[in-house]
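Here's a quick tour of the aromatic side chains in this one. Have a look at the rings first, then read on.

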Amino acid sequence: MATKIKTVRQRVQFAFNADADSVVGTVFQYLIKNHRFSSREGKRKGVDAIVAFYKPFAYQGSAVSEGELQAIARDAVELLSRQIELLCNSFDLERPGTRSQPFSWNDLKAELRQTLSELLAAEMLRVHQEPVESAIAIPDSLFAPTADEEFNFEEDNLLGDLCSNAEAAA
């Protein structure tokens with residue numbers, strides 16, 4: 001006769017109390033007092049949402065292989081994508097990462113001007129050890145779109161002798 005080994009079941013208890021009128025309280029009440037599903041199903045939905053995000057992080061650094069960890073992360077991304085899709089469909093939202101209008105040349109110029117201004121100000125601070133009082137003006141002449149709005153610029157015109165001066169100062 002085979003001997004049956006009794007294993008001790010280990011459990012993790014997770015309890016959380018929230019004020020009923022807080023954001024967390026509102027969400028918990030929705031999950032446990034919803035007329036469309038039972039309290040148990042609501043708790044399961046809440047746990048599933050938490051696990052969808054945190055599971056890859058929980059297994060990171062554990063005994064799972066890199067391939068298994070990537071599979072866990074891919075599954076999590078798929079679950080989260082479905083949650084995002086449900087939110088977008090339920091509340092008539094544009095899916096993140098999509099634009100209703102294409103990125104225009106003026107949008108690109110504004111983004112580049114802002115980024116270059118910040119980079120130049122940071123470099124001036126690094127080289128001269130003193131903060132720049134205001135944003136550095138980036139002249140329009142540095143941005144010369146062609147007829148089909150391709151981005152063309154000469155790096156030497158854009159940065160001038162800033163790099164050579166910075167290298168000399170370093």
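Let's start with Phe37, which counts as buried because its relative accessibility is 15%, under the 20% cut-off. Keep in mind that this is a predicted model.

Phe37 pairs up with Tyr30 in an edge-to-face arrangement, with 6.0 Å between the centres and 85 degrees between the planes. Tyr30 has a relative accessibility of 44%, so this residue counts as partly exposed. There's also a charge in the picture: the charged end of Lys45 sits over the ring of Phe37, 5.0 Å from the ring centre.

How many aromatic pairs does the structure hold? The total is four. One of them joins Phe16 and Phe28, again edge-to-face, at 5.8 Å centre to centre and with the planes 85 degrees apart. This pair ties together distant parts of the chain: Phe28 belongs to helix α1 (23–32), while Phe16 lies in the segment before that helix, and the two are twelve residues apart.

Key
Residues are numbered from 1 along each chain as its sequence is written. This is a predicted model: local features need pLDDT of at least 70, side-chain atom pairs count only at pLDDT 80 or more; totals for chains, interfaces and linings use all residues. Side-chain values use heavy atoms; hydrogens and water are left out. Rings of Phe, Tyr and Trp (its six-membered ring) pair if their centres lie within 6.5 Å; planes under 30 degrees apart count as stacked, over 60 as edge-to-face and the rest as tilted. Helices (H or I, at least four residues) and strands (E, at least two) are DSSP runs, numbered from the N terminus. Buried means under 20% relative accessible area, exposed over 50%, partly exposed in between (1.4 Å probe, protein chains only). A charge sits over a ring if NZ of Lys or CZ of Arg is within 6 Å of the ring centre and within 35 degrees of the ring normal.
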